[in-house]
Amino acid sequence: MSLEQFSKRDATPGYIYYEGEKKPKTPWESFLRVVRRAFKGELFVGLWIVLREMVTKGNTHTLMYPEEKFVMGPRYRAVHKLLRLQESESERCIGCGLCEKICISNCIRMETKLDENSRKEVSQYTINFGRCIFCGYCAEVCPELAIVHSGDYENASEQRAHFGLKDDMLTPLDEFKANKQQEFPGFGALSDDADSFVKKTPLAY
Amino acid sequence: MNEIAIIIETVIKAVVVLAVVAGMAAFATFIERKVLAYMQRRLGPMNVGPHGILQLAADGIKLFTKEDIIPQNAVKPIFKIAPVIAPATAFTAMAAIPFFPEFTVFGYTVTPIISDINVGVLFIMGVASVGMYAPLLAGMSSTNKWALLGAARTVIALLSFEVVSGLALLAPLMLIGSLSLIDINDFQNGGFSSWLVWQQPLAFLLFAIAGFAETNRTPFDLIEYEAEIVSGYATDYSGMRWGLFFIGEYANMITVAFLVSIIFLGGYNPFWIIPGAIMILIKISAFIFLFLWVRAAWPHVRPDQMMWLCWKVLMPLALVNILITGIVLI
């Protein structure tokens, strides 16, 4: 491959530059434009396109919402979850307080104490979702992958404080035992159907 | 005795036309939502009944039970009477339309036309134009700037399309020599090749365009265009008063579809092995589908563009058409 092929990266073959229609200057030219537009049949192109979309089966974009739901990607940042350790069923959070420190809107509050084995225990952990901006710093800074973002976007509730208490966020034990704890694949993880979105880059090489 | 029979027959016919056309208009709203949805890659109403067919009932209940708000500064009598004008004129226009060919029930011959007057076309065009008083009065009485703009645009639309539709109809009427829609229909009973659209293609095109303008459908929906004047004349209306405008608009669509079918597309004459009644239903369904299709595909025009189109393009074309028809007739 020569250097020209690499340096010419602005367009695929067959890419057409369109600089727009020239404006008519004389009355004769504007008359010609009226005739050209009247007989070009562009209106019928529009009719044909909508008819084609109507008779084509299975090209609808509608998601029947309560029955069908959108698959949230792993990078989606909805309300937080506190995860448990796979082996011991105990909480992953070690009470280091990094998330509380890094939170730029100061909405995480945790209370820790030493338990009978002199290990640090998190007694209270709350997130004020009225202030949280869902930046994801807390999940990024967590050394134990304890606090993560979930994909739960349906957050209707009667109380403002819901979803933000420790009991709301921590994986319940019965759900954990049923092996339903969703593991966080890490930041920058691809969604399951990422392969189907891969396309060739529109560059020359 | 005979007179009483005629009166009873006419009343029954009027009630049947009112009920059936109102039902068709309601069903047309559902079809419109579905067709537009599929053309825009959506599903449309899906939840009420199978494929949303009961959405009609839901909408009807909503319209009837909604609060009827009359704005404080509105001219109340006119504000109240204006929505009645729209369906009233639309249904009055249907009095002169022959819907189906003659048929016999229990040995009694029924002509499915309420009143066979000898100036049928003129009557229909005139009454349909009176229907434009509904948006005009509604817009002027509701003390709302959007409504006032909608009323002003109503007058613009009326002044533009009325000339075109009248002149476009003149050429086929010169060929036929009668204004009665039954005569017009019988003129085309020689099969497919005797349809007037083959002799008067330009008049057909012009009348169809004028029909779109007359029913305020999409290329010419300037009197209630949402992006410019909220809802035009109907901005201040709610509940069933707004619903009356809606019924009037759809009844007008059905009237225009019948007119085009009868005058240009062979009316209710039987075609091949298909009986005439089925034939005219197919034709008006196709024309109403065209209304919806065009709404999904085409952008709408500005008021000045509409006036330009009607006065500078369509009216000269209609005059040329009349001239050519006259020369050929002589």
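Helices (H or I, at least four residues) and strands (E, at least two) are DSSP runs, numbered from the N terminus. Residues are numbered from 1 along each chain as its sequence is written, and chains are lettered from A and ligands numbered from 1 in the order in which they are written. Local features need pLDDT of at least 70 and side-chain atom pairs 80 or more, while totals for chains, interfaces and linings use all residues.

Strands β2 (residues 108-114) and β3 (residues 120-127) of chain A run antiparallel and are joined by seven bridges. Pairing requires at least two DSSP bridges between two strands. K113(A) has E121(A) in β3(A) as its bridge partner. The two strands, β2(A) and β3(A), form a hairpin with five residues between them. In the turn, S118(A) has a positive phi of about 60 degrees.

Of the 205 residues in chain A, 10% are buried (20 or more other C-beta atoms within 10 Å of the residue's own, C-beta atoms being placed from the backbone). Among contacts in chain A with a separation of 6 or more, 70% link residues 24 or more positions apart. A contact means C-beta atoms, placed from the backbone, within 7 Å.

The contact between the chains takes twelve residues from chain A and eleven from chain B. The chain A side comprises six nonpolar, five polar and one charged. Here Ala, Val, Leu, Ile, Met, Phe, Trp, Tyr, Cys and Pro count as nonpolar, Asp, Glu, Lys and Arg as charged, and the others, Gly among them, as polar.

The complex has a predicted ipTM of 0.75 and a pTM of 0.76.

Notes
Two residues are in contact if their C-beta atoms, placed from the backbone, lie within 7 Å. A residue is buried if 20 or more other C-beta atoms lie within 10 Å of its own, exposed if 12 or fewer, and partly exposed in between; C-beta atoms are placed from the backbone.
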